[in-house]
Amino acid sequence: MSTDALLTRLNSILGDGIAVDPDVTAAYRRDVMPLAPFGEPLAVAFPTDTAQVQEVVRACAEHGVPIVPRGAGSGLSGAANAIDGCVVLVTTRMNAILEIDPDNRLAVVEPGVINLDLRGAVEKHGLFYPPDPSSYDWCTIGGNLSTNAGGLCCVKYGVTTDSVLGLHVVLADGELLKTGRRTVKGVAGYDLTKLFIGSEGTLGVITQATLALRPLPQAPGTMVAAFGSTEAAGVAVTRIVREGIVPSLMEIMDATSIEAVEEHLHTELGAGKGCAALLICQSDSGGEAARRELAMIEQVCLDAGAEMAFTTFDPAEGQALLTARRAVLMALEVYGSWLTDDVCVPRTRIAELIAGCERISREVGLRIAVVGHAGDGNMHPTIVYDPTSEDEFARARQAFDDILAVGLSLGGTVTGEHGIGKIKREWLAREIGPIGLRTHRAIKAALDPENLFNPGSMFH
């Protein structure tokens, strides 16, 4: 069948929800990751409900045209990047919060709902949706599900999959699969819900999710500690974990990150000159429990060699520190374009990873800043380079791979929350080995035998 015939059919399904103008489709070719390859889509589809998704999938399957599912495009792995001649299926118009059930602490949402909008909606019922990627003010739940996104609060509340009860997924034959449950417990059959979470659009299109909610936590208290060495900060993290303290947030910033943020925000973080690492912790336990937790954390930091540590229960001060942490990537743009990694290592090896990044920075001659979620070992080394220089781009790419190698050598993983996408396919193979890769391919072939969904993403 011809391309024209497919476009005519898509137009009949979607009406004005189909775009073919190159000036429009260009905006949907890629996500935020600059290294990942991307192609020119045949069209961009904007379905508004599950039935339209099913019809689009059936039409593309009949014409042998691949589909690349996409949310807001905030991803950092190229997982939503177009390939030549594909249909990019954008779920942002499916943005309804279908149900909030306070008694059973759950919400039912469409994939285009923005993370922050959901958090605000359930907060009115005294409830809390924990996953909070740094892009939470514009990323969508569908994208979070497809990449199994993390965030700053993972140390206490886990990643996206830990808040999902069930899904609706359109399969490669256009049929609708319903997985999971609405109950707190449920072990009937294979856990198909978790199979699709983190599958990066390679197995189906998520069109609805049932999400578990928690009681709204107390306003957090915040502790910040400055260290003269990353090793001392690493010791503090290890001891906090060993003591059994579970803060709601534990973030680390290296000297390069601190310098960039202070310059960008025209403020001082209180780290002082010569600060090698800043540790920011929060407790949302409330009242005396929070005061006890943060006092223990502060003492652990001082015992580990912190040069300064203080705790505040002023919401504005705490928010200012979190704003500084979230602003790191934007702050680095002063120096050039950035390329961020997301290796995750055992929490006891964080200092070694930062030291490895410092070595790589010297070797490639580029600025590398390291921030991350110290509570779970998920670090974000970020390489700054001049995009107009082929030489600097090549050195940035080399640094990106060298950091992944260091992460694996420390017993870690090549991605803690961004995903494999089209940028880390070879690294997935190295991490999971031939049997793991064979199993992935077998699952893909069983659910998507014609390789309709996101071909070439995650693995070849």
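I began with Ser248, which is buried at a relative accessible area of 3% (buried means under 20% relative accessible area, exposed over 50%, partly exposed in between, with a 1.4 Å probe and protein chains only). The model is predicted: local features need pLDDT of at least 70 and side-chain atom pairs pLDDT 80 or more, while totals for chains, interfaces and linings use all residues. Residues are numbered from 1 along each chain as its sequence is written, and side-chain values use heavy atoms, with hydrogens and water left out.

I then located Ser248 in the loop between helix H8 (230-242) and strand E13 (249-254); helices (H or I, at least four residues) and strands (E, at least two) are DSSP runs, numbered from the N terminus. I looked up its contacts (heavy atoms within 4.5 Å). Beyond neighbours within four places in sequence, Ser248 touches Leu152, Cys153, Val155, Lys156, Tyr157, Gln282, Ser283 and Asp284. For Asp284, I noted that its backbone nitrogen lies 3.5 Å from the side chain of Ser248.

I checked how E18 pairs (at least two DSSP bridges between two strands). Strand E16 (residues 337-340) joins E18 in the antiparallel sense over four bridges, and Thr340 has Thr382 as its bridge partner. Strand E17 (residues 367-373) is also antiparallel to E18, over seven bridges, with Ala369 opposite Thr382. In the hairpin of E17 and E18, four residues separate the strands, and I recorded a positive phi near 80° at Gly377.

Conventions
Polar contact = N/O pair within 3.5 Å; in protein donor to acceptor, adjacent residues only side chain to side chain.
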